[in-house]
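Trainee: I would like to go through the aromatic contacts of this model with you. Could we begin with charges over rings and then turn to ring pairs?

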Amino acid sequence: MTHREPIEPEVIREEEWPSAGLALPGTVLPDTIYLLPMTDRPFFPAQAFPIIMDEKPWLETIEKIGDTPHRVAGLILMRDGGGDPADLTENEFYQVGSVVRLHHPAKADKKLQFIAEGVQRFRIIKWLSITPPYLAQVEYPREDELRTSDEIKAYAVAIINTIKELLPLNPLFSEELKYFLSRFGPNEPSPLADFAAAMSTASKQDLQEVLETFPVLERMKKVLIIIRKELEVAKLQTQIRQKVEERMSEQQRKFFLREQLKQIQQELGLEKDDRTADVERFRERVAPLTLPEHAQKRFDDELNKLSILEVGSPEYTVTRNYLDWLTQLPWGLQSTDNLDLERARTVLDHDHDGLDDVKQRIIEFLAVGAMKGEVAGSIILLVGPPGVGKTSIGRSIATALERKFYRFSLGGMRDEAEIKGHRRTYIGALPGKFIQAIKEAGSQNPVIMLDEIDKIGASYRGDPASALLEVLDPEQNNDFLDHYLDLRFDLSKVLFVCTANQLDTIPGPLLDRMEVIRLSGYITEEKMAIARHHLWPKQLEKAGVKPSKIKLSDSALRQIIEGYAREAGVRNLEKQLGRIVRKAVVQLLSGTKGPIKVGPNQLEALLGKAVFQKEKTLSGVGVVTGLAWTALGGTTLSIEATLVHSKNRGFKLTGKLGEVMRESAEIAYSYIASHLAEYHGATTFFDEAFVHLHVPEGATPKDGPSAGITMATALLSLARNEKLKRPLAMTGELTLTGYVLPVGGIREKVIAARRSKVMELILPAANRGDFDELPEHIRAGLQVHFADHFRQVVTAVFGTP
């Protein structure tokens, strides 16, 4: 391996090598010489510089060279530049190299160092030893100098001019040029060409090609190309370096100017330092605020601490961030409520169709505030299926009151620090969501919406639901303590609006602090109004389509609602309308002329097959239609009872029923079996009958007590072998003594019955008030029987008790 970096030398032998003087071209050279390998690039006759090699295996070669009278050796380039010297072959070396004279050999740290002085080219005729020390028979081809040739002179001048251009770009070239001129004249073309090639950074293959070119003119042509490339690269490097230096210089200049300007302004009193500027900024922020006494004291203490801390210290940053939050909170700032009930009603009607009962509850809530003069901090919980408008109602309340509105979701929240903040000792600490909401709103009495409060979680980091107790308790939230601020902040003026899909997962103590307003699903007429007034214009606007370009008929809209978007909310309906608009836009851009009309016949091509088929109310002996509540709204539920055989008594239940629903079935079976004579059934029917009761759909989990009277009616129909005289649906819990108990979800169940075109219902008598509270358009046309005992159910169904 060859190197060019000098090391601290140690003389190989005690005796000095005799001085051989300078070697000049034309010196008589031996025909047999020892060879030393070069790995990186060839050595040229015009060169002279130190070479470093491994002591092993080249020490013996150096000693043998020193024993020769001429003390010359051949430097030959290896093709691949690696491998064990003992295993190399002749083909791994080039055939042309440079004869050099060795000066001042020395060794240190298992390395050999000597100065190689180039003398002349040689070509290997025959290898005498291919293992170290390498020995070869060589010849010295003559070079045609032709110094008087005009062409050679022209190339020499071109090479010299190129070298002159390179000198300013690379100062190292000047030292090499000085050494070259000390040995050769500028009018010697062969050494000039070798020198120019040696000072370049060309590849070893290109340099070896120059070394193997013996005609001087051809060699000078190749060298000129190489150094011209070298010049272009050097110029490009210089340009890059200059651009970088200019950019850095410009930045440094601006930095120094800014520092000088800052110092001058401080001397003239025009500007303060960073600490003073921060202190004054915080004082200016606090001036229009009304801080409580404890907050003012904390502010003064933190500001005094900031004024004595070093600007670059970590504590300074922590204190500045704390004061930044403290001074951006709206202490004592409140927006004025607009308590005009007519305006509030107008806003609610404009933003929502239907939901008249919910709007009335909100108007009543605002009316109390109007009477009192302010809407004090309250907690409203809007419960309903997805897509019924819970979030938008909260926004409408804020619009009606002209309050700031801030919404964040509690779904999946598992860290109580998101509610009450992190302590300042932690890196990246922040206040909790409520303090962030107050800061964002810029008022102490905004409307804060807590979405998905029924989906809040708990983990090892704490229980956010428990942390919410302090926030949502009107008796406590006037002194809410955030861990980051470590100050009491009054949240009693905030109007909290929470949303949930169900109440089961909300902790009881938390639910107890909220006023619950239920939002049930929409019937078809309400969905049509919502689609016409809100959803369809919204989709057209989103697509940038004029209403005149796409016409959607009422019959098509009704079919979309009943066949593709039958759920309680309108979110899926909006998606289906969006699909229609997108497909229509494709047709418009494809060259379709005139408005695109969407009718019932086009829906299957646009939306595919209907997801929901028309509900068929099953009928027959032992078949009764019940009403059920789900998280997505109400639905009808057919319950089937059949006689399997009469060999022995038995009762089987299927339909993926929950524990409560199974108990309801057992109660219905026991009650009917014990009262068959009273209800005109065969008294011995259940003594010998194996009865199977099934609740479709089998893959859907079902639970709850509200199907009690439905199951009992199905069993009685089977025992009497008499089917229902007309279509009707029922819901109610049955006791062992035959009493009918009230159930929930009356609105959803009534809407489900209307959707299925069932207009006769049986409801518990205790739910009469729930039915009477329903809007008139939902109750219209319905025949309802209210029962407090199962005898009244039998009378309504079969006509006789």
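**Aromatic contacts**

Mentor: In this predicted model, K439 lies over the face of W325, at 4.9 Å from the ring centre.

Trainee: And which ring face does R720 lie over?

Mentor: R720 is placed over the face of F798, and the distance to the ring centre is 4.5 Å.

Trainee: Now to ring pairs. How many aromatic pairs does the structure hold?

Mentor: There are 18 aromatic pairs in the structure. One of them joins W127 and Y134 in an edge-to-face arrangement, 5.9 Å centre to centre with 90° between the planes.

Trainee: Are W127 and Y134 buried or exposed?

Mentor: W127 counts as buried because its relative accessibility is 10%, under the 20% cut-off. Y134 has 0% relative accessibility, so Y134 is buried as well.

Trainee: What about Y679 and F790, and why is that pair given its class?

Mentor: Their planes meet at 80°, over the 60 degrees required, so the pair is edge-to-face. The ring centres of Y679 and F790 are 5.7 Å apart.

Trainee: Where in the chain do Y679 and F790 sit?

Mentor: Y679 belongs to the loop between α21 (659–674) and α22 (685–688), while F790 is in helix α27 (residues 790–798). The pair links distant parts of the chain, the two residues being 111 residues apart. Both Y679 and F790 are buried.

Trainee: Last topic: which residues do ring pairs link into a cluster?

Mentor: The cluster consists of Y406, F408, F434, F480 and F496, linked by ring pairs.

How values were computed
Residues are numbered from 1 along each chain as its sequence is written. This is a predicted model: local features need pLDDT of at least 70, side-chain atom pairs count only at pLDDT 80 or more; totals for chains, interfaces and linings use all residues. Side-chain values use heavy atoms; hydrogens and water are left out. Rings of Phe, Tyr and Trp (its six-membered ring) pair if their centres lie within 6.5 Å; planes under 30 degrees apart count as stacked, over 60 as edge-to-face and the rest as tilted. Buried means under 20% relative accessible area, exposed over 50%, partly exposed in between (1.4 Å probe, protein chains only). Helices (H or I, at least four residues) and strands (E, at least two) are DSSP runs, numbered from the N terminus. A charge sits over a ring if NZ of Lys or CZ of Arg is within 6 Å of the ring centre and within 35 degrees of the ring normal.
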